[in-house]
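I opened this notebook to keep a record of what I looked up, in the order in which I looked. I begin with the chain as a whole and then turn to its ligands and to one residue.

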Amino acid sequence: MSSLAQNGGPILVTGGKGQLATSLVNLGGPRIRCVGRPDFDFDKPATLAATLDAIKPVAVVNAAAWTAVDLAESEQDGAARANATGPEELARLCAQRDIPLIHVSTDYVFSGDKGAPYVETDPVSPDTVYGRTKAEGESKALAANPKTIVLRTAWVYSAHGKNFVRTMLNAGAKNPVLKVVGDQKGNPTSSDDLAKAILSILAVLEKDGWKDSFAGIYHACGTGETTWHGLAVAALQDAATHGQAMPEVTAIRTEDWPTPAKRPADSRMDNSKLTRVFGVTMPNWQDSVRKTVHQIFAQTA
Ligand SMILES: NC(=O)C1=CN([C@@H]2O[C@H](COP(=O)(O)OP(=O)(O)OC[C@H]3O[C@@H](n4cnc5c(N)ncnc54)[C@H](OP(=O)(O)O)[C@@H]3O)[C@@H](O)[C@H]2O)C=CC1
Ligand SMILES: Cc1cn([C@H]2C[C@H](O)[C@@H](COP(=O)(O)OP(=O)(O)O[C@H]3O[C@@H](C)C(=O)[C@@H](O)[C@H]3O)O2)c(=O)[nH]c1=O
């Protein structure tokens, strides 16, 4: 039985004011202890052990990462520290203390040429520095701590922080026409939904104690699929119900929106292992976009 089941101690969340960390703080109650830079910084490895020793958590959720996909192409060392070697060290320190680690990863570990939703046993095939460093982080964390759960998610948005939905609402408020790629498919995921899934997993660990069969990779993204164009249209249509003018949203091809990092054409993922092992079902992406847009307008009202 793990220390998680033995006491109701703190749950350490890394990632400061990031999207997922904020959702976990908002939804997780008083046991969540969230840390960010400069107190917890993968670029300053001594801050990792110091944080664990100060907080003495019963479980750790690593929601800190280098998420600037294009910038990672030219800043490989920083991306590798935040996404690969930093999480490896965090996992090693958790193992020393017998603490379960939930480490969050991404659909961009896949190249996107499978033509069907990816399952956890599919080999990784990243085409970007971000995806490659995240894939390394997954395997390093799993190797360094036998009590590691890797949760791969995708296209995360929320009412706070930097994300595609907020970018589209801002752009749509200023421009009569938007151009958005319509040939990249994926599963938009609300950071609140992901936080709830993580809290449900933690509740299972709390109730049942750690089981070796829990270790490994799980996919956890919004149910249903769309393109970036579909996501933009859905968010802007929801914004229109709050009185924002609906722009024209033109679907373009990937080559018409050149970027330093080559995004996957189809990074859809299958969540069934998450449901089978932990009983967690992820909500439909359109329902969650509607809720998030509502939250955004409620904040600005
Ligand atoms: N956003 C998305 O669309 C997706 C995200 N994910 C994964 O989900 C997880 C959470 O992402 P999300 O909440 O959106 O990310 P955000 O970009 O919103 O937040 C990331 C946080 O990580 C912190 N951070 C960055 N570099 C370091 C570092 N070297 N040391 C310590 N902290 C650092 C940032 O700190 P600071 O504010 O100081 O920069 C920020 O607080 C990540 O693992 C990400 O890879 C997976 C799929 C999609
Ligand atoms: C802003 C914008 C983007 N795009 C395109 C570019 C790109 O192909 C796609 C998505 O754009 P972004 O750069 O906002 O999203 P991106 O940073 O690629 O998002 C990714 O972030 C990381 C952290 C992940 O882990 C992924 O799951 C995914 O969410 O939309 C347009 O076509 N029009 C636009 O106006």
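**Contacts and overall fold.** I began with the contacts in the chain that have a separation of 6 or more, and found that residues 24 or more positions apart account for 81% of them. This is a predicted model, and I therefore checked its confidence next, since pLDDT is the predictor's confidence in each residue: the mean for the chain is 96, with 98% of its residues at 70 or more. For the complex, the predictor gives an ipTM of 0.99 together with a pTM of 0.97.

I then went through the secondary structure, which comes to 11 helices and 12 strands. The radius of gyration is 19 Å, close to the 19 Å that the globule rule gives for 301 residues, so I noted the chain as being as compact as a globular protein of that length. Taken along the principal axes, the box that the C-alpha atoms fill is roughly 55 × 40 × 40 Å. When I looked up burial, I found that 48% of the 301 residues are buried.

**Ligand 1.** Around this ligand I found 27 residues, of which the closest are G16, G18, Q19, A65 and V156. The elements that give two or more residues to this shell are α2 (19-28), α5 (76-96) and β4 (101-106). Sorted by class, the shell around ligand 1 holds 12 nonpolar, 9 polar and 6 charged residues.

**Ligand 2.** Here I found 20 surrounding residues, with T67, V69, T106, V181 and W228 the closest. Two or more residues of this shell come from each of α7 (164-174) and β7 (177-181), and I noted that β7 gives the largest share, 4 residues. By class, the shell around ligand 2 has 12 nonpolar, 5 polar and 3 charged residues.

**K134.** Is K134 buried or exposed? I counted 30 C-beta neighbours inside 10 Å, and K134 therefore counts as buried, because the cut-off for a buried residue is 20 or more. Leaving aside neighbours within four places in sequence, I found K134 in contact with N83, S105, T106, Y108 and V109.

Note on methods. Residues numbered from 1 in each chain as written. Chains lettered and ligands numbered in written order. Predicted model: local features only at pLDDT ≥ 70, side-chain atom pairs only at ≥ 80, totals over all residues. Near = placed C-beta within 6 Å. Nonpolar A, V, L, I, M, F, W, Y, C, P; charged D, E, K, R; others polar. pLDDT = per-residue confidence, 0-100. Rg over C-alpha atoms; globule rule 2.2 N^0.38 Å. Buried ≥ 20, exposed ≤ 12 C-beta atoms within 10 Å, placed from the backbone. Contact = placed C-beta atoms within 7 Å.
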